[in-house]
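Hi everyone, and thanks for coming.

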Amino acid sequence: MSSDFDPRLQALFAEARKAFDREAFTRDVMAQIDAGRRRTVVVWAVAATVTVVVLIFLAAPVLTALRLVTELLPVSVVEIQSDWMKQLLAPVNSVAALIAVLALGIRKFYRRIFG
Amino acid sequence: MRYPADFLQKSPESVLVGLARSGDRDAFAEIVSRRQDWIRNLMRRCCGDAVLADDLSQQVFLQAWRSIRQLNDARRFPGWLKRMAINTWLQHKRRNDPLHGASEQDAANPAIEATPGLGLDLDRALGTLPDDVRTCIVLGYHERMTHAEIADATGLPLGTVKSHIRRGTKKLQAELADYIQPEEAGT
């Protein structure tokens, strides 16, 4: 601790610390947490219901979109002439691998900022 | 989850943090119970307003509950929580939170009027300091953080922190002379 800090003031700060009514505060915090949980459940339930309804109405277009995505995922990002090299690099040389790398990058970035 | 009678009360904090990370509400309630005096006192010194301090402390614990899964090492919990409290205070200052008006409730709050003299006088003396100086002083004296740690936590340059601490210390010594003079005479 630097000498800029006055030990007498440090003692005053320590002395001024007080004990609080713990139960009421804890109860308030936990009530807010519970309310937040309930809100989350309601939001997810509404989102799930909307998704199901949308899927029911848009079943055919959604299936078509899913088929297109499925066809797109294994497409090579870089065209390779040699067949055996193409097979060897298939797991990393595809749209799916590109998406996976992007997702991992975003996750790492998020953890660095908020972790 | 159900535990034997005083299991949570007797568990070390790292165990509670581990349980809370897996979504255990009761474990987190025990953490709130253990850590609230520290956070509420810190917030009280930062803002000098009991009602606002408790609101901000609640925000800290709510934020902690929402983010605790991202805490990889349970032993880092105290430092992590302290940083969250400091950030909550700094954010409040920056955006001049709507809770700011809570200070007007002080006069009507009997619990605050009953605050023992030293705490009240200390808050009053801290209230005479500019915001940044006050934050540095509270982190230095209340949290016993070093200049470098304060600079890191507040984002202020190290030189500014040192100058704030010097200025704030002089001002507090003058404002709280009644409390510190007897000891001074003894030394």
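Let me start with a question: which residues does F28(B) touch, not counting residues up to four places away in sequence? From chain A there are M30(A) and I33(A), and from chain B there are A20(B), F61(B), A64(B), W65(B) and I68(B). Touching, or contact, here means heavy atoms within 4.5 Å.

A quick word on the ground rules. This is a predicted model, where local features need pLDDT of at least 70 and side-chain atom pairs count only at pLDDT 80 or more, while totals for chains, interfaces and linings use all residues. Residues are numbered from 1 along each chain as its sequence is written, chains are lettered from A and ligands numbered from 1 in the order in which they are written, and side-chain values use heavy atoms, with hydrogens and water left out.

Back to F28(B). Together with L172(B), F28(B) touches the most other members of the largest nonpolar core, which has 64 residues. Such a core is a set of buried Ala, Val, Leu, Ile, Met, Phe, Trp, Tyr and Cys residues joined through side-chain atoms within 4.5 Å, and buried means under 20% relative accessible area with a 1.4 Å probe, protein chains only. Helix α3 of chain B, residues 25–47, gives this core its largest share, 11 residues. Helices are DSSP runs of H or I, at least four residues, numbered from the N terminus.

Now to where the chains meet. Chain A brings 31 residues to the contact and chain B brings 45. Between them they bury about 3,800 Å², 62% of it on carbon and sulfur atoms; that is the accessible area (1.4 Å probe) lost on putting the two parts together, summed over both. On the chain A side, R8(A), F13(A) and F25(A) lose the most area to chain B, together 21% of what that side buries.

There are 2 salt bridges between the chains, meaning a side-chain nitrogen of Lys or Arg within 4 Å of a carboxyl oxygen of Asp or Glu. One pairs D37(B) with R22(A), with the closest N and O atoms 3.1 Å apart. Among the helices of chain A, α1 (7–16), α2 (22–57) and α5 (95–114) each supply at least two residues of the side that touches chain B, and α2(A) supplies the largest share, 10 residues.

Last stop: N93(A), in the loop between α4 (83–89) and α5 of chain A. N93(A) is buried, at 10% relative accessible area.

Methods. Buried means under 20% relative accessible area, exposed over 50%, partly exposed in between (1.4 Å probe, protein chains only).
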